[in-house]
Amino acid sequence: MKDFEFEINDCKDYEVAKELIREYSTIKGAEQCFVSLNKELADLDAFYQGGALLIGYEHMTPVATIAIRKVDAYTCEVKRLYIKPDYRGKGYSRLMVETMLKRAKDLGFKEACLTTKSEVMGVAYNLYKRMGFEEMENNEGTVSMKIAL
C-alpha cells in the first residue's frame, strides 16, 4: 500500500502554478527554456488557451506541474514538467506525462512535441524516450522530440 496520495488536477489557482514554474526556472543550465517566462506568467490562461495546465498534488500539497500549449489544430507542445525536489523518485513524472498525453489526445491533438536540455534535464529526457517520444533534432544540447497521440 502506498504511503502517499498523489492526484493531478486542472490548475484552478494560477498563483500555485506560477510558484512552481518560477521554482522550475531556477534550474542551473536551463535558462534558455525560459525566454518567454514573463509573458507566460503574465497571463497563464491566455498562454495555454486551447491546451491545459495541470498541477500534481501530494496530500493536497502542490508539488508538480505540466502544461499543454496549442501549436495548431493537430499539434501541441509539452511544457513545464517539474516535480519539486523533495518529491522526486516516486514516479510522479511518469504520472504527469501519462495524464498530459491522455488530456492532449482528449483535446483532439494528434501529436505532442517538446524541447528539452538533455544534459541538464537528463532524467526527463530519458523518461520521454522510454515513453515513446522520438528525438527529431539535437541542436547544441537542445533536443526536439515528438510523439504521435
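## Basis of the description

In this predicted model, local features need pLDDT of at least 70 and side-chain atom pairs count only at pLDDT 80 or more, while totals for chains, interfaces and linings use all residues. Residues are numbered from 1 along each chain as its sequence is written, and side-chain values use heavy atoms, with hydrogens and water left out.

## Packing of H4 and H5

Helix H4 covers residues 92-106 and helix H5 residues 122-130; helices (H or I, at least four residues) and strands (E, at least two) are DSSP runs, numbered from the N terminus. The two helices pack at an angle of about 50°, with their axes 11 Å apart. Axes are lines fitted to C-alpha atoms, for helices over the stretch in contact, and angles run from 0 to 180 degrees between N-to-C directions. H4 and H5 are therefore oblique to each other, a class left over once angles under 35 degrees count as roughly parallel, over 145 as roughly antiparallel and 65 to 115 as roughly perpendicular.

H4 passes H5 in a right-handed crossing, that is, with the near helix turned clockwise from the far one by less than a right angle. Ser93, Arg94 and Val97 of H4 and Leu127, Tyr128 and Arg130 of H5 make the contact, defined as heavy atoms within 4.5 Å. By class, three of these residues are nonpolar, one is polar and two are charged; Ala, Val, Leu, Ile, Met, Phe, Trp, Tyr, Cys and Pro count as nonpolar, Asp, Glu, Lys and Arg as charged, and the others, Gly among them, as polar.

## The two sides of H5

Ala124, Tyr125, Leu127 and Tyr128 of H5 are buried (under 20% relative accessible area; exposed is over 50%, partly exposed in between, with a 1.4 Å probe and protein chains only). Viewed down the axis of H5, these buried residues fall within an arc of 160°, so they line one face of the helix; the arc is that of the directions from the helix axis to the C-beta atoms.

The buried residues of H5 pack against H4 and strands S4 (75-83), S5 (111-117), S6 (134-139) and S7 (142-148). Val123 and Arg130 are exposed on the other side of H5. Just after this helix, Gly132 takes a positive phi of about 110°.

Arg80 is in strand S4 and is buried, with a relative accessible area of 5%. Arg80 and Leu20 are 60 residues apart in sequence and 9.1 Å apart in space, C-alpha to C-alpha.

Thr116, in strand S5, counts as buried at 3% relative accessibility. Leaving aside residues up to four places away in sequence, Thr116 touches Met121, Tyr125, Gly141, Thr142, Val143 and Met145.
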